[in-house]
Amino acid sequence: MWGRGQGSADPGPLPHKKLSMLARVKSGALRGVDAYIVEVEVDLAPGLPYFTTVGLPEAAVKEAKDRVRAALKNSGYKFPGNRVTINLAPADVRKEGTGFDLPVAAGLLAAQGILPPESMEKYLLFGELSLDGRLKATRGVLSMALTTRDAGLSLIVPKENAQEAGVVQGLELYAVETLAQVVDFLAGREELTPTPTLAPEDAGWDPVDDVDYQEVRGQEPVKRAMLLAAAGGHNVLMVGPPGAGKTMVARRLPSILPPLSFEEAVETSRIYSIMGRLPPGQPLLRQRPFRSPHHTISDAGLIGGGTTPRPGEVSLAHHGVLFLDELPEFKRTTLEVLRQPLEEGLVTISRATSSLTYPARFMLIAAMNPCPCGFFGDPRKPCTCTPNQINSYRSRISGPLLDRIDIQIQVPAVPFEHLARTEDSRDGSRAMREQVLEARTRQEQRFSRTKIFANAHMSSRHLKEYCALTEDTRRLLGAAMEKLALSARAYSRILKIARTIADLEGQPNLSPAHVAEAIQYRTLDRKFSP
Ligand SMILES: [Zn+2]
C-alpha cells in the first residue's frame, strides 16, 4: 500500500487521514566535534502552500527546502501543497549543515502517508540530497556514526560516506545512493545489506617514510633533542639563524613518533570529517598530522572559530605536530590563546549564545631566529642588532608560553664542509623511533594508574614521586642553576627532560649525567649577553 509516487496524481485515501499530519524522523547535528540527536518533526496542515523551518536552522538548513523539493519531484514523489512546518528539536541549539535533507524528505513522505511512520523508529537518517534525488557526501558523518551507535540506533547515510561511518565498531550501517532506495528500504520493498564495519586491525598505519632524520647532517645535538621530545612528549623551541635547517628538523618529527593508535586515528579523523577534509577513499587518517600555519594566520584560523565555527590548526594537529616557524612574528594575542590547548589538550570557542569545544592535543614545535636580523651568534655574518632590539624581539614570546616548552635548543648554521660530506648521518628515523617506543612503553607502565601518559605532562606531585634526586645530583643541579642564572621555572622542566633521558636508557633513577644533559636544553633561560 505504500506505493512510490502514489500521491503524485491522486492522493487517494490516506491510512490515517486527518486535518493535520505529523511525522517524526531522527537525525543529528554537530556541536563542536560531537554529534547529538535532533528530532525532525514535519507537520502538514491544510492551507495555502507555505514552508517554514523552526528550531534555529542556519542558512544551509533553511535551503534544504529547495533541494528536498527538487529531489522529491525528480524521484517521483509529491511535494506537499500544504502548510509545511519543520521543527528541529531541541529547538534552542543552532543547527547547520546539509545533513537534514534526507530526514526532511523522509518526514515529508511520512507525513503524506507515503512512508509508514513507525518504519523509521530505529534509524538515524543523515545526508545531503542533490536535486536529482541522489545522496551526496556530507560533512561530519564519523561523529554522527559514533552518536548513532551510542544511542542504539542504526544509521542511514550516503554511500560516499560508507567507509567513514564504517570505522565505528558495532554500528548497524546502511549506505545508500538515492532517496528512492531509502524509501523502498523503509517501506519494506527492498532489502539492503548492512555495510560491514572496518576491523581496527585493518585500519592500518603508514610510517612516515618520505622524510628521514638520516637526511639531516651535522646537527646531531638537534636530532638528539628531537629524539627526547618524541620520547617524552615535550614541546620544543628551536633558536637559530635562517637556513640552519629548523624546518627540515621539524618536518621529520612525525617520522619518529609512535604509530597512531586506532582510537587516536578516530579522534583526529572526526575533526577532518566535520571539515570535509578526509582524503577521498580514506576513512581514517593513517599518519599523525603535521600542521605548519604561516605567522599571518588569524586567531580563528589557528584556534578555531568564525561565524559558522570551524576547528582551527590546533585541532587539525590533534595527536600530531603543530609547527610554528618564526614564532615572534605571530601576533602576541594569537600566541596567548595557545595556552589553553597546550595546558588542557582542547580549545573552547566562545560564541554569543554558547561555547564549543574541540580537541587540540598536539606537540608544539616552534622555531625562531636568535635576533631580528637572524645572525646573532652566526660566524658567517655579523649581527646588526642592538641588545635592546634583541631583547624586545625575544620578549615577544611570553613567559607563560615559554613555560609550556620543555626543550629549548640552539640550531647553529652548519659549516658548508659538514653539509658537503656525502655520507648520511648514522641515525635514521627508524632506529630513533624504536628508541622512542621503548621509552614510551616505560612511561605507560609508570603512569598506568594516572591520567597522564608522557613525562611532559607530569605535575609537581608526579615530579616528587618519579624524579627523586640523590644528594649529589641535587647539588649539581643547584650549582648549575646558579652559575647559568637559570630561572626557577627551569627547574621542573629540567627534571622532566632528565626523566625522559633516563627512560631512553632504561634507567629507573636520575643520575648527574641525565640532569647535566637536561640543563643544556634551557637556552633561553640563560642570561642573554651579547
Ligand atoms: Zn641580529
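Buried means under 20% relative accessible area, exposed means over 50%, and partly exposed lies in between, with a 1.4 Å probe and protein chains only. Keep these words at hand for the tour.

This is a predicted model, in which local features need pLDDT of at least 70, side-chain atom pairs count only at pLDDT 80 or more, and totals for chains, interfaces and linings use all residues. Residues are numbered from 1 along each chain as its sequence is written, and side-chain values use heavy atoms, with hydrogens and water left out.

**Whole chain**

Of the 530 residues of the chain, 53% count as buried. The C-alpha atoms fill a box of roughly 95 × 50 × 45 Å along the principal axes. There are 22 helices and 18 strands; helices (H or I, at least four residues) and strands (E, at least two) are DSSP runs, numbered from the N terminus. Among contacts with a separation of 6 or more, 73% are between residues 24 or more positions apart. Contact means heavy atoms within 4.5 Å.

**Helix H22**

Select residues 512-519, which form helix H22. Which residues of H22 are buried? They are His514, Val515, Glu517, Ala518 and Ile519.

Two packed helices are described by the angle between their axes and the distance between the axes. Axes are lines fitted to C-alpha atoms, for helices over the stretch in contact, and angles run from 0 to 180 degrees between N-to-C directions. Angles under 35 degrees count as roughly parallel, over 145 as roughly antiparallel, 65 to 115 as roughly perpendicular and the rest as oblique.

The crossing of H18 and H21 is right-handed. A crossing has this name if the near helix is turned clockwise from the far one by less than a right angle, and is left-handed if anticlockwise. To see the contact, show Gln435, Val436, Ala439, Arg442, Gln443 and Arg446 in H18, which meet Arg499, Asp503 and Leu504 in H21.

**Helices H4 and H10**

Next, select helix H4 (residues 141-150) and helix H10 (residues 262-274), which pack at an angle of about 125° with axes 7 Å apart. H4 is therefore oblique to H10. On the H4 side, the contact is made by Val141, Leu142, Ser143 and Leu146; on the H10 side, by Val266, Ser269, Arg270, Ser273 and Ile274.

Now look around H4. Because 8 of its 10 residues are buried, H4 is largely enclosed by the rest of the structure. Met144, Ala145, Thr147 and Thr148 are among these buried residues. The partners that the buried residues of H4 pack against include strand E1 (21-31), strand E2 (34-45), strand E8 (154-158) and H10. Just after H4, Gly152 has a positive phi of about 75°.

**The zinc site**

Select the zinc ion. What coordinates the zinc ion? The SG atoms of Cys371, Cys373, Cys383 and Cys385 do, at 2.1 to 2.4 Å. Donors are N, O and S atoms within 2.8 Å of the metal (3.2 Å for Na, K and Ca); water is not among the atoms, so sites may look incomplete. Angles among the 4 donor atoms are 106 to 112°, and the site is tetrahedral. Four donors count as tetrahedral if all angles lie between 85 and 135 degrees.

Along the chain, the donors follow the spacing C-x1-C-x9-C-x1-C. Cys373 and Cys383, 10 residues apart, both lie in the loop between strand E17 (363-368) and helix H15 (387-394). Cys373 is partly exposed at 25% relative accessible area, and Cys383 is partly exposed at 27%.

**Stops in the loops**

Select Leu56, in the loop between strand E3 (50-54) and helix H1 (59-62). Its phi is near 55°, a positive value in a residue other than glycine. Leu56 is partly exposed, at 32% relative accessibility.

Go on to His319, between helix H12 (313-316) and strand E14 (321-324). Is His319 buried or exposed? At 14% relative accessibility, His319 counts as buried. Its phi is also positive, near 65°.

Finish at Pro90, in the loop between strand E4 (83-89) and helix H3 (101-111). A cis peptide bond, with omega about 0°, joins Ala89 to Pro90.

Definitions and conventions:
Four donors count as tetrahedral if all angles lie between 85 and 135 degrees; four count as square planar and six as octahedral if opposite donors are over 155 degrees apart and all others between 65 and 115; anything else is irregular.
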